Amino acid sequence: MNLTAYDQVRYPSRALWVTHPYSLGAMARLFGLPAAPAARCRVLDIGCGEGGNLIPMAAALPESHFVGIDLSAEAIATGAECVRTLELPNIELRQMNIMDAGSALGDFDFVIAHGVYTWVPSAVQQRLLQLCSELLAPHGVAYLSYNVYPGGYVREAVRDLLLLHTDPDGDPYARVSQARELLAALAEDRRKPDPWHSMLRQEVEDLEKCSPEQIFHDELAPQYHQVYFKDFVARARETGLDYLCESELADMTPFGFGERATRFLDQLASQDRVLWEQYLDFFRFRKFRRTLLCRTDAPHAGSPDPNVLRQLHLSSGARPSGAGASGGERWKNSDKAVIEVVDPACSSMLRRLSGAWPQAIPGSELLRDAPGKEQDLLDLCTIKFVQVHNGAPGAIRPIADKLQFPRLVRLQAASGKITNLYHYPIDIQGDLAISLLQLGDGTRDRKTLIRELVKKHPEHSYSEIAGGIDQQIEHLTNLALTSSDS
Ligand SMILES: C[S@@+](CC[C@H](N)C(=O)[O-])C[C@H]1O[C@@H](n2cnc3c(N)ncnc32)[C@H](O)[C@@H]1O
């Protein structure tokens, strides 16, 4: 068997909450498509790699079924080993080329292809869209991420430079080192300020956060094909798919434009939605999209219906942060963005959600005490102060007598890279927190946990462990990690 670049250099894959059926289903339903419930659905991940995104979904949703396919035999073997360790009966990972995949896989409520479309030849791009069209259930949702113009032009320029600078047949890690050295030179301060240089520097800063494996596969790959959004939608339409929405409301909402730009975009919005979004990409110089598609014949709307929030679940990890300048209350979200909320009904919805965190609350319950506030609640979702889910993440529970984390979390703990119950990737720091995650299997009470932590960590004093354990547990609970699942 021919080894692929992904067999030679493994690609790190982790949970991506926007691809979870909670999130995909919520977006679809807001846009008029009655998507399948997360608790009972079928999901296909095309180009799933080691299953870092799919396996946590399967662990969290035992009644749903998951299939992952990938060309890389090594990646599939690693994922399959993890599936065996977790004894998950509801997921299959298969080594398969997109070009050979077809209806034998069955049909799916959700099809995910993250980080694939841009990096495959055009025939595979075409087949990927066809496959989504063939395999989607009547109310199914496909998620595809891809790089777009015009923002992609800067990335493409940097990529062209890196390809010019590195030997395509050279050692992958040596190429990445060479690329990094050149990027540092590119980002270096100039004697005279230069707007082009600021754009380049932003691009380089984004790349600095990437792992060597990501740089190798994402920037130095032989195949790299960006598109304009309107052309992507035109290709999707040729295969019987239609544009549903983006994976986050914020990505479809024009923020911060002046009067003339807003008037122009408003006029266009009423005429052609796809063209409107294409103009928005130019106005924002956008470089990346995470698009949801549905079958052309499936019911779907051009804008979100706030009344649908009554059928969904909502959560918020936002926290109050003092009085605002206009007499309202300041709130800070997990991205550290701050807003002032003046409307008391909105403040009270946020307080209710924040008090319930990490639990989600049914929208119907939340809106019962805030009648007529559907649009305000949707606005809070759009600015990322409230998250919307099609279903409630199972059995999150606050500090319990016998601390319990899901089995997957206990297994992931050693690496410090874990997935929370909302399918967010979380990095855990500190040996005590990691040990607590491993020991929290529902059999140990607080006293036993302290005793075992002291035994395991002689480098920490008893008082340090006993004095800090409640804070640690609270911290891990706030990360939406505790559960009553085994
Ligand atoms: C950039 S990685 C993304 C992996 C994963 N979806 C993620 O987001 O972490 C692209 C994946 O697509 C797979 N791939 C590329 N061409 C493929 C093909 N023709 N058929 C199946 N998988 C393919 C690669 O093996 C690789 O695992």
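Predicted model: local features only at pLDDT ≥ 70, side-chain atom pairs only at ≥ 80, totals over all residues.

Colleague: Which residues of α15 are buried, and why are they on the same side of α15?

Modeller: An α-helix has 3.6 residues a turn, so residues three or four places apart point the same way. Within residues 374–382, the buried residues are Leu-377, Leu-380 and Cys-381.

Colleague: Which residue just after α15 takes a positive phi?

Modeller: The residue in question follows α15 directly, and its phi is about 70°. It is Lys-384.

Colleague: What distance separates the centres of domain 1 and domain 2?

Modeller: The domain assignment gives domain 1 as 5–149 + 226–295 and domain 2 as 153–217. Ten residues from domain 1 and eight residues from domain 2 make the contact. On the side of domain 1 that touches domain 2, five residues are nonpolar, three polar and two charged. Taken over C-alpha atoms, the centres are separated by 27 Å.

Colleague: How many residues surround the ligand, and which are the closest?

Modeller: The shell around the ligand divides into twelve nonpolar residues, ten polar and one charged. In total, 23 residues surround the ligand, and the closest are Tyr-6, Ser-13, Gly-47, Gly-49 and Gly-115.

Methods
Residues numbered from 1 in each chain as written. Buried ≥ 20, exposed ≤ 12 C-beta atoms within 10 Å, placed from the backbone. Helix = DSSP H or I, 4+ residues; strand = E, 2+ residues; numbered from the N terminus. Domains from an automatic or database assignment. Contact = placed C-beta atoms within 7 Å. Nonpolar A, V, L, I, M, F, W, Y, C, P; charged D, E, K, R; others polar. Near = placed C-beta within 6 Å.
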